[in-house]
Amino acid sequence: MNTLQHAWQRARRRRALITLLLCLPWALAATVLALRLAGFDIACVVGTISLLVCAAFATARARQLDRQWLLRQLDGSGASEDSADLLFADAATLNPLQRRQRAHVLATLERAMPELRPRWPRGALALCWIAGLAIVVLAVGWPRSSPVSAPARTAAPGSMAAAGPLHLQSTRLRIDAPAYTGQATLTQNALDAKVAADSRLSWSLRFDRAPDKAWLQFHDGRRLPLSEHEGQWQAQDVARTPVLYRVVSEPALAETRLHRLDVVADRAPSVRVLEPAASLVLGTPGQRQWALRFEASDDYGVAAQATLSITTTQGSGENITFVKRSVTLAGSGEATARRFAHTLDLAALGAQPGNDVIAQLEVRDNHAPTPQTGRSSSVILRLPSAEVALGAELEGRIKKTLPAYFRSQRQIIIDAEALIRQRRSLAAEDFVKRSDAIGVDQRILRLRYGQFLGEESEGAPKPPPTSDLPTSDTPTTDHHDHDDDHDHGADAGAHDAHGHDHGGKPANADTPPVFGSATDVLSEYGHTHDHAEAATLLDPQTRATLKAALDQMWSAEGELRQGRPEQALPFAYKALGLIKQVQQAERIYLARVGPELPPIDEGRRLGGDRAGLASRELPLAARTPPDPAIVEAWQRLGDDNGAPDLDALAAWQQRNAAYLPDALDLAAAIEQLRIEPGCHDCRQRLRAQLWRALQRPLPQAMRRSATDAMGQRYLDALEAQP
């Protein structure tokens, strides 16, 4: 059965191929005739339609070889023994004898399949191709309809005028972009185009009959003559500036319209810095390399190589020297977006601590004959000097040695309440230790708030706090001293009212100084406290509230240090409420010295001396008034009977093309009105374009309206008063 299906399909394909070969010469002849008589556009349409018709006719002819045709062919050849209808019947509906006959026929066809493909119609094919090619040769070689010479054409102008205006049969514009753009040659039928700068344009026009002469008229007054070559009127030009043009001939064309030619200038390449992310990078001590990455983009392509300029500054102050170097880099990626990467060896550049390394990439595009350049923004690597690095390290060490540790009053209350709930599950000694730790937190918080009142830290120097929860605010080696912020014995004479040493014996002479303690450094080399009465950060009412909060913190601290958190909670709650009042204070009083203004010169007051005084009138922006001729033309366009001077308008448009919002639109409106002087819509379009081109008048101050009788009497009464 597969052999039969394959033979059937081959027969269909043979029929379709024969039909195509018979139709193709006639389609070719029709296309050539259309090209000769109606032009290239009509020929393309005719050729496309002819091919579609041939394909459809071949498909229809192939489908005529259906199943009935196949059965007739098998029965006619005798290979099926007049039982071809059994081959496509349902096997379930056949009786045993029919099934046996069907199997016998299939076996016979498998051994010897008859030829089902139609024979080649050699005579018909030869006749069709000879006739088609003859028509093509006649269409191509047939002489033109107007073979007369130029003198003969000019000798009878009246006959051509009587024939009516000319018509454009076909138009073709070929655009050859510059080689550096990489654009292929484009051929189009439309005369409007948007091309790259310096593109070569080639026009090819065909008229219904040969004119005496023809040319391209540009809006700036330039003419480009058209020359005839084998019935085609051709011209060439190079696109440099955007222009408007129209086709002009003698005799005149029946329809003349403006065509716009936009010229796209090649932009300079742009460079973007990918790495580093900032323009100023602070180097690290011991840095030896600096990675740089750039991306350059251009509309037509960036050169494969770029130049990296490297400037190294050496010295400081006024004794700074500059060393410049250049490195050639090879880019990677697409031509329109190349990437350049380079890693600077700071040691090879001679960069030392305290120097700056400045890098800038310069790329070129493929513009010919002179490439355009683009530069990136400068990136700077500032290598820190030894002094700066030492200061940074010292600051970092101090921050690591003295971490911030500060508990809030609310947290102290929460910890105390949690400790009270855990009293039964804790041993008495552990309970007292944890209560003492909370008391230490209360003391640290009290001292922190006390700084706003001019108080200082209390007691002997202590090691810096850590992230571990402290159980006491005193060193572990001094078990008998709990630093209750009171004077003890003879040491009291060496302390002031704040418990600080001012030249006498230290409070704890046996305690060695702690390295890194900010308190020891300040007490050794400076005076850190202020008198409480002289503190001017807070107003008196807020200061009183804060003092009361500190008193409550003192009482809460004493109870917590003695292992009585229940008695400490009332004081802690009162301190929390007072702190909230301080936080919600509306004003902060800062006593500062007022500004000392220069004394007023009484001799100049009311004396009428205006020397040295500037004018109070606002300076108005200098603006050129609009051209009166343009204003007059705009007014005449509003009057249907007025006729503006189009030549003057065109000259003004060419002089001010760089300042107009759309110079080509205005030129198109002028030329369209020149072509159709009686067109009302063209006048309104030109008037609208002129309105956009005219400069707007500067805003003026509105004059007051005249006063009425009552207002005038009031003003007179004011002037009459002595």
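Here are some notes on the fold, the helix packing and the salt bridges of this predicted model.

1. **Ground rules.** Local features in this predicted model need pLDDT of at least 70, side-chain atom pairs count only at pLDDT 80 or more, and totals for chains, interfaces and linings use all residues. Residues are numbered from 1 along each chain as its sequence is written, and side-chain values use heavy atoms, with hydrogens and water left out.

2. **The chain overall.** You will find 19 helices and 19 strands here; helices (H or I, at least four residues) and strands (E, at least two) are DSSP runs, numbered from the N terminus. Of the 722 residues in the chain, 32% are buried. Buried means under 20% relative accessible area, exposed means over 50%, and partly exposed is in between, with a 1.4 Å probe and protein chains only. Contact means heavy atoms within 4.5 Å. Among contacts between residues at least 6 apart in sequence, 68% join residues at least 24 apart.

3. **Val379, a buried strand residue.** Have a look at strand S19 (residues 379-382), where Val379 is found. Val379 counts as buried because its relative accessible area is 2%. Leaving aside residues up to four places away in sequence, Val379 touches Val273, Pro276, Ala278, Ser279, Trp290, Leu292, Val357, Ile358 and Ala359. Ser279 lies 100 residues from Val379 along the chain, yet their C-alpha atoms are separated by 4.5 Å.

4. **H10 against H14.** Two packed helices are described by the angle between their axes and the distance between the axes. For helix H10 (residues 409-421) and helix H14 (residues 565-583), the angle is about 160 degrees and the axes are 9 Å apart. That makes H10 roughly antiparallel to H14. The axes are lines fitted to C-alpha atoms, for helices over the stretch in contact, and angles run from 0 to 180 degrees between N-to-C directions. Angles under 35 degrees count as roughly parallel, over 145 as roughly antiparallel, 65 to 115 as roughly perpendicular and the rest as oblique. H10 and H14 make a left-handed crossing, the term for a near helix turned anticlockwise from the far one by less than a right angle (right-handed if clockwise).

5. **Who makes that contact.** From H10 come Gln409, Arg410, Ile413, Ala416, Glu417, Leu419 and Ile420, and from H14 come Pro565, Glu566, Leu569, Ala572, Tyr573, Ala575, Leu576, Ile579 and Lys580. By class, the contact of H10 with H14 has 11 nonpolar, 1 polar and 4 charged residues. Here Ala, Val, Leu, Ile, Met, Phe, Trp, Tyr, Cys and Pro count as nonpolar, Asp, Glu, Lys and Arg as charged, and the others, Gly among them, as polar. Ala575 also has its C-alpha atom 7.6 Å from that of Ala548, 27 residues away along the chain. Ala548 lies in helix H13 and is partly exposed, with a relative accessible area of 28%.

6. **H11 against H13.** H11 and H13 pack at about 160 degrees, with axes 8 Å apart, so H11 is roughly antiparallel to H13. The crossing of H11 with H13 is left-handed. Residues in the contact include Ile438, Val440, Leu445 and Tyr449 of H11 and Leu546, Leu550, Met553 and Trp554 of H13. The contact of H11 with H13 divides into 10 nonpolar, 4 polar and 5 charged residues.

7. **Salt bridges within helices.** A salt bridge is a side-chain nitrogen of Lys or Arg within 4 Å of a carboxyl oxygen of Asp or Glu, and the count comes to 20. In helix H13 (residues 540-561), Arg561 and Glu557 are 4 residues apart, about one helical turn, and their side chains meet in a salt bridge (3.9 Å, N to O). Arg561 is buried at 17%, and Glu557 is buried at 6%. In helix H11 (residues 428-450), Glu429 and Lys433 are also 4 residues apart; the closest N and O atoms of their salt bridge are 3.6 Å apart. Glu429 is exposed at 54%, while Lys433 is partly exposed at 45%.

8. **Salt bridges elsewhere.** Arg293 forms a salt bridge with Glu275, with the closest N and O atoms 3.2 Å apart. This pair links strand S12 (residues 289-297), which holds Arg293, to strand S10 (residues 270-275), which holds Glu275. Arg293 is partly exposed at 32% relative accessibility, and Glu275 is partly exposed at 32%. Finally, a network of salt bridges links Arg246, Asp647, Glu671 and Arg674.
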